[in-house]
Amino acid sequence: MSLSSSNQPTLSQARSRFTSSSIRWGFMWALWCAVLWGAWYVPGSAVWFEAPYIDLSYDTNAEFLLAAAVLTTFNAIAVLFFLFVWNGVLGKWGEYLRTIRQMRYISKWFFIGAIFGGPMAIFGSYLAMGYIGGAFAAISALMYPIIGATLARLWYQEKITRRAALGIFIILAGGVTVYAPGIIGELTGTGDAGWLGYLGGAMAALGWGIEGAIAGRGLDVADPDVGITVRFTAEVLYWVVLILPAIYLFTDQPVVDLVVATFNWAAIGWLTLAGVTFAFCYVSWYKSFPLIGVGRGQAIAALYGLFAVIFLAAFTLDLPAWNFLAGLVLFVTGGFVMYTENDEVLEVVRAVSTDSKTTTAHAANS
């Protein structure tokens with residue numbers, strides 16, 4: 001009795017230190033994701049100004065859709081290449097093979113998530129970048145944390161405290177403050193068919209929000225480094241085996257010519273930069289979910305909007321306006337509100353369901 005009483009404070013302190021460390025790492029991964037995500041918009045926007053994409057006439061929406069589809073395919077292949085390198089460095093190729101074979105209990109979540117994250121979110125974002133611009137593409141997806149947090153709450157009862165909700169609201173208000181004047185300018189400066197770019201932006205927000213919720217479920221039973229590699233394996237298969245062949249067979253669009261023409265130093269260089277930034281952005285994103293939850297991970301990662309403005313301004317030499325500084329204050333304030341939440345609250349952010357435990361047991365026994 002006396003021994004148990006004397007050990008209790010030590011165990012409690014160790015658990016508290018572990019929880020604090022996990023939460024700190026969760027926020028660090030989410031913040032690192034935001035930096036790399038913001039950097040991704042520079043090569044993602046620049047490749048539209050290289051051959052063969054700068055030479056297309058874009059007389060029809062079909063040309064825009066084809067260009068975005070081919071760029072998203074190359075983006076997915078580049079990301080998967082760097083993820084394979086990352087897993088090789090970590091010595092996780094064996095874990096990758098074991099995970100991808102567990103389609104029924106594990107891989108299905110990442111294959112489903114890839115549908116929303118790839119052909120919907122990333123394709124929509126490339127469409128928005130090419131049709132309207134990188135700044136719009138960045139802001140158009142800033143609502144995705146609300147979708148992800150709501151789905152995580154409804155699906156697997158992830159807790160959203162009032163303080164977390166307030167932080168999410170402040171961060172999103174910062175995004176609106178930074179980009180609203182630009183969006184109004186874009187609205188008045190685009191042609192009659194500008195709806196396609198805005199549809200792409202909406203697809204990005206919806207797709208990334210849904211993917212985050214699905215990834216949160218899959219990461220209950222999978223390693224984040226391996227899980228994200230399985231997810232991009234699925235996306236590459238969707239584009240290379242299904243979508244591009246379908247475009248070739250059922251339309252008269254020059255998909256093969258565009259793919260071949262993309263193999264030039266300038267385009268491949270930008271796409272390689274896009275691949276390395278997005279690969280490690282996604283690694284950081286997935287690593288943050290088990291540590292701080294989908295809602296908080298997505299909300300902190302939404303700071304990418306701020307970094308996108310910084311990187312695009314440095315690249316284009318266009319200085320930010322007053323609304324950037326106002327948005328900066330809101331971004332930092334929202335992140336501070338979430339980061340300073342009580343550790344005891346963050347510790348119980350996930351209410352893992354019986355179904356999840358059953359899935360884990362099945363995966364372990366397979």
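Leaving aside its neighbours within four places in sequence, which residues is Trp86 in contact with?

The model shown here is predicted. In it, Trp86 is in contact with Asp225, Phe280 and Val283, once its neighbours within four places in sequence are left aside. Trp86 belongs to helix 2, and it counts as partly exposed because its relative accessibility is 23%, which falls between the 20% limit for buried and the 50% limit for exposed. The C-alpha atoms of Trp86 and Ala279 are 9.1 Å apart in space, although 193 residues separate the two in sequence.

Helix 2 also holds Ala62, which is likewise partly exposed, with a relative accessible area of 31%. Between Ala62 and Gln253 there are 7.7 Å in space, taken from C-alpha to C-alpha, and the two are 191 residues apart in sequence.

## The chain as a whole

The protein chain has 16 helices and 0 strands. Of its 366 residues, 52% count as buried, and the chain exposes about 16400 Å², of which carbon and sulfur atoms supply 70%. When contacts with a separation of 6 or more are considered, residues 24 or more positions apart account for 89% of them.

The loop between helix 1 (2-46) and helix 2 (61-90) contains Pro52. The peptide bond that joins Ala51 and Pro52 is cis, with an omega of about 5°. As background to this detail, most peptide bonds are trans.

## The nonpolar core and Trp37

The largest nonpolar core has 98 residues, and those with the most contacts inside it are Trp37, Tyr41, Tyr126 and Trp208. With neighbours within four places in sequence left aside, Trp37 is in contact with Tyr144, Trp208, Phe278, Cys281, Trp285, Ala301 and Tyr304.

Which helix gives the most to the lining of the second largest cavity? Helix 11 (residues 265-292) does, with 4 residues. Sorted by class, the lining has 6 nonpolar residues, with no polar and no charged ones.

## Gly209 in helix 8

Gly209 is found in helix 8 (residues 195-218). Is Gly209 buried or exposed? Gly209 is buried, because its relative accessible area is 0%, and buried means under 20%.

Residues up to four places away in sequence not being counted, Gly209 touches Tyr144, Ile147, Gly148, Leu151 and Gln298. One of these, Ile147, is 62 residues from Gly209 in sequence, while the C-alpha atoms of the two are 4.9 Å apart in space.

Methods. Residues are numbered from 1 along each chain as its sequence is written. This is a predicted model: local features need pLDDT of at least 70, side-chain atom pairs count only at pLDDT 80 or more; totals for chains, interfaces and linings use all residues. Side-chain values use heavy atoms; hydrogens and water are left out. Helices (H or I, at least four residues) and strands (E, at least two) are DSSP runs, numbered from the N terminus. Ala, Val, Leu, Ile, Met, Phe, Trp, Tyr, Cys and Pro count as nonpolar, Asp, Glu, Lys and Arg as charged, and the others, Gly among them, as polar. Buried means under 20% relative accessible area, exposed over 50%, partly exposed in between (1.4 Å probe, protein chains only). Contact means heavy atoms within 4.5 Å. Accessible areas come from the Shrake-Rupley method with a 1.4 Å probe; for residues, only the protein chains shown count as cover. A nonpolar core is a set of buried Ala, Val, Leu, Ile, Met, Phe, Trp, Tyr and Cys residues joined through side-chain atoms within 4.5 Å.
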